[in-house]
Number of protein chains: 2
Amino acid sequence: MNMRLSQTAQDTLCANALRFLAIDAVEAAQSGHPGMPMGMAEIAVALWTRHLKHDPADPAWPDRDRFVLSNGHGSMLLYGLLHLSGYDLPLDELKRFRQLGSKTPGHPEYGHTPGVETTTGPLGQGLANAVGMALAEKRLAAEFNKPEHTLVNHHTWVFLGDGCLMEGVSHEAASFAGVQRLSKLIALWDDNRISIDGDVAGWFGDHTPARFRAYGWNVIEAVDGHDIDAIDRAIREARTHADNDAGPTLICCRTTIGRGSPSRAGTAGIHGAPLGPDEIAATREALGWDHPPFHVPQEVRTSFDALRIGASQRATWQQRLDAYRAAWPEEAAEFERRVSGKLPTGFKVLADAILRGVNNEGATLASRKASQQAIGRLARALPELIGGSADLTHSNLTDWPGCGAMRADASGRHINWGVREFGMAAALNGIALHGGLLPFGATFLVFSDYARNAIRMSALMRLRTIYVMTHDSIGLGEDGPTHQPIEHLPSLRQIPGLDVWRPCDAVETQAAWNSAVQRTDGPSLLALSRQNLPHQSRDTGQLGDIARGGYVLAEATHGPAAVVLIATGAEVALAMTARDRLQADGIPTRVVSMPCASAFDRQPAAWRDAVLPPGCARVAVEAAQPDGWWKYLAGAPRAAVIGIDRFGESAPADELNALFGFTAERVADTARRLL
Amino acid sequence: MNMRLSQTAQDTLCANALRFLAIDAVEAAQSGHPGMPMGMAEIAVALWTRHLKHDPADPAWPDRDRFVLSNGHGSMLLYGLLHLSGYDLPLDELKRFRQLGSKTPGHPEYGHTPGVETTTGPLGQGLANAVGMALAEKRLAAEFNKPEHTLVNHHTWVFLGDGCLMEGVSHEAASFAGVQRLSKLIALWDDNRISIDGDVAGWFGDHTPARFRAYGWNVIEAVDGHDIDAIDRAIREARTHADNDAGPTLICCRTTIGRGSPSRAGTAGIHGAPLGPDEIAATREALGWDHPPFHVPQEVRTSFDALRIGASQRATWQQRLDAYRAAWPEEAAEFERRVSGKLPTGFKVLADAILRGVNNEGATLASRKASQQAIGRLARALPELIGGSADLTHSNLTDWPGCGAMRADASGRHINWGVREFGMAAALNGIALHGGLLPFGATFLVFSDYARNAIRMSALMRLRTIYVMTHDSIGLGEDGPTHQPIEHLPSLRQIPGLDVWRPCDAVETQAAWNSAVQRTDGPSLLALSRQNLPHQSRDTGQLGDIARGGYVLAEATHGPAAVVLIATGAEVALAMTARDRLQADGIPTRVVSMPCASAFDRQPAAWRDAVLPPGCARVAVEAAQPDGWWKYLAGAPRAAVIGIDRFGESAPADELNALFGFTAERVADTARRLL
């Protein structure tokens, strides 16, 4: 028998195969979200079998389309698509959905499952990741494409739901995508009018098409999300818009959540719970699906299989790269370096030399200013470095000579993110995920709050995303408690995998930047001062020790240390002055600068014990919530922390430092009382 | 001479007086933001001299209009208005703008300056506060107004800028206000097309009127923001819309930032820096202002003075209240209680009785379920309790029997916030600020990140805002690391003034709720389990001790404690089992339950030392980032923390607990190794 199904019947079969993979996996796990995969199955078929450019045999191929499942709870839809397309995700993994160690966790995880481009689940951020990816594509295209040589040319596709659209970050991301005219960004909205609490009419009344038009998006309205040909036409139209650089596109797909389930389709009851045997039986009956659980008919596999066409698309691109290399050999080498994520040859030597230069200069600067200089130095060596500020460019000091402004023509490297901290951070993640660029973003440290979950996602995905957070304490002065971080330093330090740097001078600031750009397994956040910080002198050994996160900046003299003063940032200078007084009183006093506690934690115990000898008293000093420091005082016989356990005040910085007790005298007195 | 100025000349004089108060104060402070006050001066004159219903002699009058300066950096505009209107804010305070201890901090602070309705500065949140205020007004009107007795009837006015509109929270707030049809909310947009980085065209291309229409707002476009009569007409139109319950209104006022400054008006240069003597002189010249610094002409004072009309408006309302009291005495008494913020007479006795009842029941429940029951019990006694979930009602368990759904008719008490954690939290603050209601909001603990700065603002303003945060650890299971909080408990504990509760059973959950509703000086956050927690038995003394935040749940027997196990939430049961094993091995072991560390910190040292005796070993156990616990281990000779210092995994909860070492055996072994 070799009966060919009609295209329509074949499409329906494919959509139902996706539905039943989700139904069966959720049922096996007794946990998960079948409603979205069942509702978006036809949309997925249209995109994945007719448009998506990808090669399952090479999930890292640079010019592949990027696909983002912003409504990440519908993970089984993506796992089904990856499996059927030919990614290294066997059916057995789908059977182990949401089980320990499987490749199919509850929400898609980047770096864990081949073909998953970003970790999603926290709603709205997938869209913002996609904005970053589309921005990266556009920037790399502007940078590398040449007349008759198009090396970078792919789309970024996003699936999103009502939840993503309700989140504020969707506003920030979509507004930014509009003004940047990211035309190759195409989002498909699962307009099912159901969220977890039920029919959205009671809490979500937006006219979403009008909203997105207001952002400068091209909006294709009223597409039947269960009509594969209609979706296909809409996608074609969107691609034409993209070709004409007419702005990003939102395709509004009217769908029914859980479509196929006779008694739960169109209700919140199908969103996040297994169907159960009876409803599964009824759904099989309704959809005419008579296969056993996890069975995929061969026709379906044939339709989805992307290995052959993917290989051909990739080969075509490889030919393009070869031609490019012949015509533009240096640019080709640079492109390949860039997309590999490797820094230029010899970069470490250069970075060390830069650091020595800064040390030799010995300048007294605000660390935000030192950061700006560091950015300028690194940007010359690293054309992949792009970034900017959430509308605080001249406060955060993020621009540099010759950077140019990133506008809709993608010609510059400095990004005016607008007042969009969360959207910025999530887009930075998207840029880092895309590859080829090394992104940073800036705001005031206190507004790290706004971006906090995206900073967490940088750490969870181990991305090289860099955060420049200035105005790092009450030292910012008159703007007052709404702008003065108190709890931020210690609470950011608690995000696993995030390196939080609080440098004490220009030298540590350069060292922090050097570490951040060379780090390969996670994000870094630099907390920087508004006010000037005096240079601290160091020998060559100490200069190298900064990267260890905590080191002896000034050794006790006239005997072994009786007390160790531990400080960060602006408070290091205070500790140094206090040390002078204590030493003058005959108390041997060591000062430990601890610009990055997590880097210090990664050092061998021998290093940590050498820096903080178990036997002697310790005083930690930081103009922030103090509780986190007890971890570093636990080994000491007597210890104290000087910190701030209440909100700040509006006044000139000097008066605040006196008010909150950040004086050398208090540090010295505190140490004396311990002895 | 008794020449009367024309109305127009008088208005101009008033606007210029506001301008120069801002110019002079910023110049005196050498710090601050003159651009916004200079740009919004006419808008302020139109609203404050012709529409705002308020009585400077009684800033807490319940039926006053609420005014919110969402672009809070323009604080000097508000201080000028408050001073000139007759609030207790003398000119001397304006001269001490941004100085230590003045009533005029850099950003407006609630509870600090009479007439300041909310603390603003973190952009976008003022709008969301205003949404909460308007919701409170509408709900109280629905609850208390009677035919022919209108007790609650006021507007909520918001000034906002481009920065507020770029922030994601503006989307959440405006979308929610639209669907809730908060018609008495009227926002005036300072459309000056300048943000800190310069002309917004490069980063903010939204068609804002279309965007707000998409939310269901009434939008009045293209108003000349320097034409007081035009603004007045727009406000009248907005009030008519409000009277017709036709949705909230956005008035788009085209303005020039820093208007009046010959060389800096219309540029970012005027946004956040003093003008300096030369430009001030030029501005005086340009505006014909020949008064010395801080001088206010008498005609200006007369125009702004709101004491007489305010007293009359308040008297009219007082008559209304008297008539209401005559017709509806019980309701009037309840209204007065409610707006005073006092709980019902005898509430404490009732709350204690409820707690005893829960203790007697001794049920094993998930603490989220126990919280739902607690809400139900308290909601019966406290009609002011309103709240709900950010689209996780059946996961957070926030509804209760008979609550009703809050919809555009304001008839219910349970609020479906939609997927809008940040907007929810900032609106909760607005409800608490408005008075008459006791608001709560819920989401998953991990998504406290999204709302974090608004939670901080609850604490900074010392508001009785309650956060219900469920799925509090890896114990939530299969949803995986994006949904499993790790760093959240310790990092929320670092927000000064926030009480973070993590109850170990239904009894502690009720105690946490009792504390939260009775707290008068700040917010509370309840971190609750998805999974069942066994009941712990307590005597009457222990029952009362829960409110102390940390107490001995199980005393060591057969001798003084050799080790103290400190635990919270789900880990308390683990600690109890570990204690059984240790005791069986002859090791006297105490278990301390510490549901609220900040409440424990407020106890006298004698209590704290009695609970955690300095001499004996301690083990802290919590399924969260461990570093915060060292604060409570510092006094111990030997100590350990069992926590989680990496991200979670997707798997059934039991397997995760085993994987991450949350077993009684590990707790016991850790204790044994210390001895």
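**Exercise 1.** Which residues does Ser395(A) touch, not counting residues up to four places away in sequence?

*Solution.* Step 1: set the cut-off, where contact means heavy atoms within 4.5 Å. Step 2: leave out the residues up to four places away, and Ser395(A) touches Arg368(A), Phe444(A), Thr470(A) and His471(A). Step 3: locate Ser395(A) itself, which sits in helix H16 (residues 393–397) of chain A. Helices (H or I, at least four residues) and strands (E, at least two) are DSSP runs, numbered from the N terminus.

Before you go on, some conventions. The model is predicted, so local features need pLDDT of at least 70 and side-chain atom pairs count only at pLDDT 80 or more, while totals for chains, interfaces and linings use all residues; side-chain values use heavy atoms, without hydrogens and water. Residues are numbered from 1 along each chain as its sequence is written, and chains are lettered from A and ligands numbered from 1 in the order in which they are written.

**Exercise 2.** Where does UniProt place the feature "binding site", and is His33(A) buried or exposed?

*Solution.* Step 1: read the record. The unreviewed UniProt entry gives His33(A), His271(A), Arg368(A), Ser395(A), His471(A), Asp479(A), His483(A) and Arg530(A). These residues span 498 residues of sequence and are spread in space too, up to 48.1 Å between C-alpha atoms. UniProt positions follow the numbering used here, feature names are shortened, and annotations may be inferred rather than shown by experiment.

Step 1: Step 3: apply the accessibility classes: buried is under 20% relative accessible area, exposed is over 50%, and partly exposed is in between (1.4 Å probe, protein chains only). His33(A) counts as buried because its relative accessibility is 11%. Step 4: list its contacts beyond four places in sequence, which are Val26(A), His73(A), Gly74(A), Arg98(A), His271(A), Gly272(A) and Asp479(B).

**Exercise 3.** How much area is buried between domain 1 and domain 2 of chain A?

*Solution.* Step 1: take the bounds, domain 1 (22–311), domain 2 (347–527) and domain 3 (548–674), from an automatic or database domain assignment. Step 2: domain 1 of chain A brings 27 residues to the contact and domain 2 of chain A brings 33 residues. Step 3: the buried area is about 2500 Å², with 64% from carbon and sulfur atoms. Buried area is the accessible area (1.4 Å probe) that two parts lose on being put together, summed over both. Step 4: Gln125(A), Arg139(A) and Glu172(A) supply 24% of what domain 1 of chain A buries against domain 2 of chain A, more than any other three residues.

**Exercise 4.** How many salt bridges cross the interface of chain B and chain A?

*Solution.* Step 1: state the rule. A salt bridge is a side-chain nitrogen of Lys or Arg within 4 Å of a carboxyl oxygen of Asp or Glu. Step 2: size the interface, where 93 residues of chain B are in contact with 93 residues of chain A, and the two chains bury about 7800 Å² between them. Step 3: the rule finds eight salt bridges across this interface. One pair is Arg98(B) with Asp479(A), with closest N and O atoms 2.6 Å apart.

Step 2: look at Asp449(A) and Arg452(B), whose side chains meet in a salt bridge (3.4 Å, N to O). Asp449(A) lies in helix H18 (residues 448–460) of chain A and Arg452(B) in helix H18 of chain B, so the pair joins two chains. Both Asp449(A) and Arg452(B) are buried.
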